[in-house]
Amino acid sequence: MKLDATDLKLLNLLQQDGRMSNLELAEKVFLSPSSCLRRVRMLEESGMISRYSAVLNATALGLEVDAFVQVTMRRDVEHWHENFTASIAAWPEVVGSYIIAGEANYLLRVRARSLKHFSSFVLEKLYKTAGVLDIKSNIVLQTLKDTQAIAPELLSD
């Protein structure tokens, strides 16, 4: 599906406020409500809009620790990748997980209530997972930018 300028505006507006009514959205992109709804549904069906959600403030909710953890695995342990990915799927502390290139195999974004909670997560869950060889943690001191939004400039030629 090729995106035109109206599609890009719709995507940008919905990233800013996913609860915006179709009528308000249509007015902002100069479409009839039915045309606007059709376009949004096409964007959803094509997978360009994967879901709608609320963005929670982790600090306000009492999650004081934000950390990025690099995990290096032992490759001599059978099914190390499958076992590890199953483990991280079950851990509520892991809010993001990525397979990366470089020395480590994975990069995890971990949220915890406190440093004690984070320490417990590392010692009781990560280190006890079969195949884990090394862990390097980076505690976030201050967040400068944290967004899931995709800038419209990246989507146009």
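The model is a predicted one, in which local features need pLDDT of at least 70 and side-chain atom pairs count only at pLDDT 80 or more, while totals for chains, interfaces and linings use all residues. Residues are numbered from 1 along each chain as its sequence is written, and side-chain values use heavy atoms, with hydrogens and water left out.

Asp-66 belongs to strand E1, which spans residues 65-73. Strands (E, at least two residues) and helices (H or I, at least four) are DSSP runs, numbered from the N terminus. The Asp-66 side chain forms a polar contact with that of Arg-109 at 2.6 Å; such a contact is a pair of N or O atoms within 3.5 Å, where within protein one must be able to donate a hydrogen and the other to accept it, and residues adjacent in sequence count only if both atoms are side-chain atoms. With residues up to four places away in sequence not counted, Asp-66 touches (heavy atoms within 4.5 Å) Arg-109, Val-110, Arg-111, Asn-138, Ile-139, Val-140 and Thr-143.

The largest nonpolar core comprises 21 residues, of which Val-69, Val-71, Phe-84, Leu-108, Phe-118 and Leu-126 touch the most other members. At least two residues of this core come from each of E1, helix H4 (80-90), E3, helix H5 (115-126) and strand E4 (132-139), and E1 contributes the most, with five. Another core, of twelve residues, lies apart from it and includes Leu-10, Leu-11, Val-29 and Cys-36. A nonpolar core is a set of buried Ala, Val, Leu, Ile, Met, Phe, Trp, Tyr and Cys residues joined through side-chain atoms within 4.5 Å.

Beyond residues up to four places away in sequence, Arg-39 touches Asp-4, Thr-6, Asp-7, Leu-10 and Leu-31.

The largest pocket is lined by 43 residues, with Arg-51, Ser-53, Val-55, Thr-147 and Gln-148 nearest its centre. A pocket is an open set of points on a 1 Å grid over the protein atoms alone, where a 1.4 Å probe fits, with protein on both sides within 12 Å along at least five of seven lines; lining residues have an atom within 4 Å of a point. Helix H1 (5-16) gives the largest share of the lining, four residues.

How values were computed
Buried means under 20% relative accessible area, exposed over 50%, partly exposed in between (1.4 Å probe, protein chains only).
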